[in-house]
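Visitor: I would like to learn how to read a two-chain model, feature by feature. Could you walk me through one?

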Amino acid sequence: MDLSLSTRTVGDRTVVEVGGEIDVYTAPKLREQLVELVNDGNFHLVVDMEGVDFLDSTGLGVLVGGLKRVRAHEGSLRLVCNQERILKIFRITGLTKVFPIHTSVEEAVAATD
Amino acid sequence: MATVELRFSALPEHVRTARLVAAAVARRAGVDEAVLDEVRLAVGEACTRAVGLHQSAGITEPVRVSLIEEEKQFSIEVGDDAPHAVPGGKSSGARGGADDSDVEEDEMGLAVISGLVDDVEVTAGEHGGLIRMSWPTTPPAVLVP
């Protein structure tokens, strides 16, 4: 399965809905999307990962890169994920401390801290 | 001899194929269904790392994956032909022009593997490296005739 990406605006947040597999082959597409959003002035991103079937360290690297970019503009990058097998990867790499992870897009959009 | 052997050109698009094949053979070998996600992720990380090493060193040889069914365990070996720094040498030199982000991703891949797999062995020398990972298997239930 390939990677699917779609974006929409909710208030001052930009929601990026990701579907499929994020790996060494598809991660560059996600990177391009995040870079483009930040270059266009979208600094508060919510990445919805509910449709993601697979995530590897390349994908984690892209998300960390995205976080670095938005932080340079005092922005934020929040994740939406309820899937245990995806959450596990964030846990074993210690990235649960780096990313705010929410259970729904609504919760992520409403979050301010 | 390995149950299934796979050799693929060091290109990112083939890593998914390696994941799928490894998971299919692991399932057949009797690796617990709940652990298959870990097998898939770990073999993907090892192959991603090998592809990166081959590409950054300009190596045209394929990446090798051996899927080995043993009596009570299932093992996967992922081999690369990239010259690794020998212990005591300067590690940065071996990557041949790799920038910091590549190095970080390489380390992140290994971090994921060691976080996922209890039984993992990473060996590397001047002529290439090998990651060997093993998982216990449960023998298939005996079918009543």
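Visitor: Which residue in β2(A) is the bridge partner of Ser4(A)?

Guide: Gladly, and please keep in mind that this is a predicted model. The bridge partner of Ser4(A) is Gly19(A).

Visitor: What should I keep in mind about side chains when I look along a strand?

Guide: As a general idea, side chains in a regular strand alternate between the two faces of the sheet. For a case here, take Val46(A), which sits in strand β3 (residues 44-55) of chain A.

Visitor: Why does Val46(A) count as buried?

Guide: The cut-off is 20 or more other C-beta atoms within 10 Å. Val46(A) counts as buried because it has 25 C-beta neighbours inside that distance. Beyond its neighbours within four places in sequence, its contacts are Arg13(A), Val15(A), Arg78(A), Val80(A), Val105(A), Ala108(A) and Val109(A). As for Thr96(A), which is 50 residues away along the chain, its C-alpha atom is 15 Å from that of Val46(A).

Visitor: Which stretch of chain A does the UniProt annotation "domain: STAS" cover?

Guide: According to that unreviewed UniProt entry, the annotation covers residues 3-112 of chain A. Over this stretch the chain is 39% helix and 34% strand, with its end C-alpha atoms 29 Å apart.

Visitor: How do I read a nonpolar core?

Guide: In soluble globular proteins, nonpolar side chains tend to be buried together. Here the largest nonpolar core has 64 residues, and Val47(A), Ala22(B), Val43(B), Cys47(B), Val65(B) and Val78(B) have the most contacts inside it. Helix α2 (residues 36-57) of chain B gives the most to this core, nine residues.

Visitor: Which residues is Val65(B) in contact with, leaving aside neighbours within four places in sequence?

Guide: They are Leu6(B), Ala18(B), Ala22(B), Cys47(B), Ile76(B) and Val78(B). Leu6(B) is also the bridge partner of Val65(B), in the antiparallel pairing of β1(B) with strand β2 (residues 63-69) of chain B, which has five bridges.

Visitor: And the interface: how many residues does each chain bring to the contact?

Guide: The size of an interface is often given as the accessible area lost when the parts come together. Counting residues instead, chain A brings 13 and chain B brings 18. On the side of chain A, α2 (57-71) and α3 (84-92) each supply at least two residues, and α2(A) has the largest share, with four. That side divides into five nonpolar, four polar and four charged residues.

Notes: Residues numbered from 1 in each chain as written. Chains lettered and ligands numbered in written order. Predicted model: local features only at pLDDT ≥ 70, side-chain atom pairs only at ≥ 80, totals over all residues. Core = buried A, V, L, I, M, F, W, Y, C linked by C-beta atoms within 7 Å. Buried ≥ 20, exposed ≤ 12 C-beta atoms within 10 Å, placed from the backbone. Contact = placed C-beta atoms within 7 Å. UniProt positions renumbered as here; feature names shortened; annotations may be inferred. Nonpolar A, V, L, I, M, F, W, Y, C, P; charged D, E, K, R; others polar. Pairing = 2+ DSSP bridges.
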